[in-house]
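Please open the model in your viewer and keep the sequence panel beside it, so that each selection can be found in both places.

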Amino acid sequence: MPADEGSLAHRRHVPSRLIELDSLTDRLDLDKIFGRKAPLHIDLGCGDGSFLCALAQRMPEKNFLGIERLRNRVRTSARKVASLDNVRLLRMESFYAVRYLLPAESVERFYLLFPDPWPKRRHHRRRIVTPDFLGSIHAALQKNGSIYVATDDVDYFRKIKEIANSDPGFASSYAALDLPRSRFGLIFRNKGASIHSLALRKISPVK
């Protein structure tokens, strides 16, 4: 068999980690997708998959879902996580997936690393972190679940904190987590940029 055919045959035996949706409105059957029941962590905008892959290797007892809109990034991620049984990928816009596809109280932790800051004022409406976004995150998080956010844009970080502080469903924590470095995190640190981060923990709003 020619070498290229052998390589193709090998690739055919590598299970796909990409979720194929039958519906854009039905909630994901996570136990079926992963083939087991385990705490779920989600990387929103997983990029090239390096952070997602490192997390999944560090915590094999948990399930990991990477959500990414851009096709080429999903392909790159798929190659990196091909050998990891606890990782799945979904090609989808993050906010849509959180709002319409994730079951209620199904996620232990979200990661939102270096979302596009859309620095021009007229583009601020395109930023992902809004009150509606946090509301959808809150619904998807299990009790005491959390979302970790990091950005190098200080203006955006101030706005994120402002939105978080106005949401009674979250408590803010500024303690640093011991996490792998993401691709963009390394790029920004190498440029000498300051990284701003916070974790928001789901709580029951005081009535």
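The tour goes from the whole chain to the sheet, then to the helices, and ends at a single residue.

**Before selecting anything.** This is a predicted model, in which local features need pLDDT of at least 70 and side-chain atom pairs count only at pLDDT 80 or more, while totals for chains, interfaces and linings use all residues. Residues are numbered from 1 along each chain as its sequence is written, and side-chain values use heavy atoms, with hydrogens and water left out.

**The whole chain.** Show the protein chain as a cartoon, and you can look for eight helices and seven strands; helices (H or I, at least four residues) and strands (E, at least two) are DSSP runs, numbered from the N terminus. Of the 207 residues in the protein chain, 43% are buried, where buried means under 20% relative accessible area, exposed over 50% and partly exposed in between, with a 1.4 Å probe and protein chains only.

Select the strands next: they form an open sheet of seven strands in the order 3-2-1-4-5-7-6, with mixed pairing, and two strands pair if DSSP finds at least two bridges between them. Strand 3 (87-91) and strand 6 (170-173) stand at the edges with a single partner strand each, so one side of each is left without a neighbour in the sheet. From one strand to the next, the twist averages 20°.

Now colour strand 4, residues 107-113, in which five of the seven residues are buried.

Contact means heavy atoms within 4.5 Å, and axes are lines fitted to C-alpha atoms, for helices over the stretch in contact, with angles running from 0 to 180 degrees between N-to-C directions.

**Two helices together.** Keep helix 6 and select helix 5 (residues 94-101): the two pack at an angle of about 45°, with their axes 9 Å apart. That angle makes helix 5 oblique to helix 6, since angles under 35 degrees count as roughly parallel, over 145 as roughly antiparallel, 65 to 115 as roughly perpendicular and the rest as oblique. Show the side chains of Phe95, Val98 and Arg99 in helix 5, and of Asp132, Phe133, Ser136 and Ile137 in helix 6, which make the contact.

**A last stop.** Finally, select Leu84, in the loop between helix 4 (71-81) and strand 3. Is Leu84 buried or exposed? Its relative accessibility is 11%, so Leu84 counts as buried. Leaving aside residues up to four places away in sequence, Leu84 touches Arg17, Cys53, Ala56 and Gln57. Arg17 is 67 residues from Leu84 along the chain, yet their C-alpha atoms are separated by 8.6 Å.
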